[in-house]
Amino acid sequence: MKASEAAQRFDVVSWGARGTLPSTGEDFNLHGGATCCVELRLDDRIVVLDAGSGIVDLGQNLVRRDPCSVDLLISHAHLDHVIGLPFFEPLFRPDWQVTLWFAGVEGAPDSQALLDTFIRPPTLPFTSAEFTCQLALRQIPRNGQVEIDAPFQISTAPLNHPGGNTGLRIDHGGRSFAYCSDYEPDDGPSDATLRTFIAGADLAFLDSTYTPDERPAYRGFGHADWLTSCNIARSAGVGSLGLFHHAPQRQDAELLAIAKAAGATMPSHAVRQGDCVDLLTGGWPSGRERLRKAQDG
Ligand SMILES: [Zn+2]
Ligand SMILES: [Zn+2]
């Protein structure tokens, strides 16, 4: 039987949509303040993209479920994408299998180096030797197919970002989700690579750190504005866009206004912590359904 006939579940759950730094305070409650972490529920498998501060709550949630196995893919090693990793509860559970996938970057060429780089004194009082789970360390290509034994496919593409970033795309049951959290548009070859990579995706989470007015002051910082991401997604034939990697100072009122403006250009949402998108049978949830669905697992 083909994977497309067998697929039973393809949920995309946001546990953190903030970029750069976590945010706190009542002006951030609606969209949440945790940094990048997305859980994919693919039939009975759990795949997690990035280990920002959102992965801490996810870890607590996961250990209350059955699977005891998780594949964690790290897009790149910037702090907002790994800061929650040392506090991911399954790493400390002997009955859990954790497979850590990473493409490697300068200074951290593989998964072990990633762990050794910052999970150690003096930044933390322990090392990865304290992890009691069954830990497997694997490499993902910068541009190609991830060799994972699963009824879904994961592909990668290089993104234009300081130090490099890896775009991730998951195809399952004839549906697809693209995750390109940090990239800077170049109006050139890297935009073309991105467009090809996300082409036809049912859902894409793309960098929307800046407003169009802000971005000129931040050339070379490695991020996009929401309007450029809308244009790239629309021209790539993406079905629905999730504006992602919100600037830490971006308050809910601003994000609501951005989402409204973006919605005039293509189907889009400003991703909220707690969003659960059912790619096989449904779409974006609304209101209180968001967080409840995420917590239900
Ligand atoms: Zn980031
Ligand atoms: Zn980054």
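Predicted model: local features only at pLDDT ≥ 70, side-chain atom pairs only at ≥ 80, totals over all residues.
Local features need pLDDT of at least 70 and side-chain atom pairs pLDDT 80 or more, while totals for chains, interfaces and linings use all residues. Residues are numbered from 1 along each chain as written, chains are lettered from A and ligands numbered from 1 in written order, and side-chain values use heavy atoms, without hydrogens and water.

**Exercise 1.** Identify the protein donors of the zinc ion (ligand 1) and classify their arrangement.

Solution. 
1. Donors are N, O and S atoms within 2.8 Å of the metal (3.2 Å for Na, K and Ca); water is not among the atoms, so sites may look incomplete.
2. Asp80 (OD), His81 (NE2), Asp182 (OD) and His245 (NE2) qualify, at 2.1 to 2.2 Å.
3. Their angles at the zinc ion (ligand 1) run from 90 to 167°, so the arrangement is irregular. Four donors would be tetrahedral with all angles between 85 and 135 degrees; four are square planar and six octahedral if opposite donors are over 155 degrees apart and all others between 65 and 115; anything else is irregular.
4. Asp182 also bridges to the zinc ion (ligand 2), 3.5 Å from ligand 1.
5. Asp182 is buried at 2% relative accessible area (buried is under 20%, exposed over 50%, partly exposed in between; 1.4 Å probe, protein chains only). His245 is buried at 0%.

**Exercise 2.** Determine how many disulfides the structure holds, and check Cys36.

Solution. 
1. A disulfide is a pair of cysteine sulfur atoms within 2.5 Å.
2. The closest cysteine sulfur to that of Cys36 is in Cys37, 8.9 Å away, too far for a bond.
3. The whole structure has zero disulfides.
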